[in-house]
Amino acid sequence: MTVRPGKVIVRDEVEPVRWTVEEGRILLRSADTGGLFSFFELTTPPGGGPPLHLHEGLDETFYVIEGAYDIQLGDRIHEAGPGTLLYGPRGIGHAFRNISDGPSRMLCISTPGGTEAMFEGLAELLGRGTPPDRAAIEALVARHDVTYLGRPGEALTGVRAG
């Protein structure tokens with residue numbers, strides 16, 4: 001077993017990465033954890049969130065720290081406020097929407113690590129000041145084993161969990 005050095009991260013010293021309307025702070029990269037996981041914070045504006053999608057080789061865990069989200073896992077929509085944790089295993093469609101009046105924030109762990117490369121690639125593609133190149137975005141997410149099941153801005157399609 002390879003012993004990795006520890007690392008101390010101060011959130012406000014990490015430059016945010018912006019893709020679409022969301023932004024994230026990559027707090028631990030795959031390289032920091034020997035590929036085991038990535039750890040990041042997401043900030044989502046009101047009404048924002050990704051389309052329904054799934055990861056073939058990646059599990060995600062979401063922990064809401066501020067605001068409120070509707071989070072769809074499979075065919076169920078869960079209302080998630082601060083202190084709510086949801087686990088999205090690979091192969092299960094998921095999406096989320098900020099349902100509060102202000103920005104909402106959540107912490108995310110993806111296992112194995114490496115999802116930060118996709119977010120940084122999206123930020124680069126979308127930050128060029130030109131209309132988004134849909135084919136380039138689809139190629140990027142496909143390289144990261146992401147399959148879109150919905151379109152950006154689409155309403156969540158699941159049944160509200162009771």
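G47 is found in the loop between β3 and β4, where helices (H or I, at least four residues) and strands (E, at least two) are DSSP runs numbered from the N terminus. The model is predicted, so local features need pLDDT of at least 70 and side-chain atom pairs count only at pLDDT 80 or more, while totals for chains, interfaces and linings use all residues. Residues are numbered from 1 along each chain as its sequence is written, and side-chain values use heavy atoms, with hydrogens and water left out.

- Leaving aside neighbours within four places in sequence, G47 is in contact (heavy atoms within 4.5 Å) with R97 and N98.
- G47 and G153 lie 106 residues apart along the chain, and their C-alpha atoms are separated by 8.4 Å.
- E56 is found in the loop between β4 and β5.
- Apart from neighbours within four places in sequence, E56 is in contact with R90, D145 and T147.
- The C-alpha atoms of E56 and P16 are separated by 26 Å, with the two residues 40 places apart along the chain.

**Strands and their pairing**

- β6 and β9 run antiparallel and are joined by five bridges; two strands pair if DSSP finds at least two bridges between them.
- Within this pairing, Y69 stands opposite N98 in β9.
- β6 also pairs with strand β7 (residues 76-80) in the antiparallel sense, over five bridges, and Q72 has I77 of β7 as its bridge partner.
- The hairpin of β6 and β7 has two residues between the strands, and G74 in this hairpin takes a positive phi near 65 degrees.
- β7 and strand β12 (residues 159-160) run parallel and are joined by two bridges; here I77 stands opposite R160.

**Strand β9**

- Five of the five residues of β9 are buried, that is, under 20% relative accessible area, against over 50% for exposed and in between for partly exposed (1.4 Å probe, protein chains only).
- In a regular strand the side chains alternate between the two faces of the sheet.
- H94, F96 and N98 point one way from β9, and A95 and R97 point the other way.

**The nonpolar core**

- The largest nonpolar core has 24 residues, and those with the most contacts inside it are L42, I71, F96 and M106. Such a core is a set of buried Ala, Val, Leu, Ile, Met, Phe, Trp, Tyr and Cys residues joined through side-chain atoms within 4.5 Å.
- Two or more residues of this core come from each of β1 (17-19), β3 (38-44), β5 (59-66), β6 (69-73), β10 (104-111), α1 (115-126) and α2 (134-143).
- α1 gives the most to this core, with five residues.

**Helix α1**

- The 12 residues of α1 should span 16 Å at 1.5 Å a residue, and the end C-alpha atoms are 17 Å apart, which agrees; the expected span is 1.5 Å times one less than the number of residues.
- The buried residues of α1 are T115, E116, M118, F119, G121, L122, A123 and L125.
- These buried residues pack against β1, β2 (22-28), β3, β10, α2 and β11 (146-148).

**The largest pocket**

- About 470 Å³ of space lies in the largest pocket.
- The largest pocket is lined by 31 residues, of which T20, E22, P50, P51 and Y148 lie nearest its centre. On a 1 Å grid over the protein atoms alone, a pocket is an open set of points where a 1.4 Å probe fits, with protein on both sides within 12 Å along at least five of seven lines, and lining residues have an atom within 4 Å of a point.
- The largest share of this lining, four residues, comes from α1.

Note on methods. Points joined across faces, edges and corners; volume = space filled by probe spheres on them.
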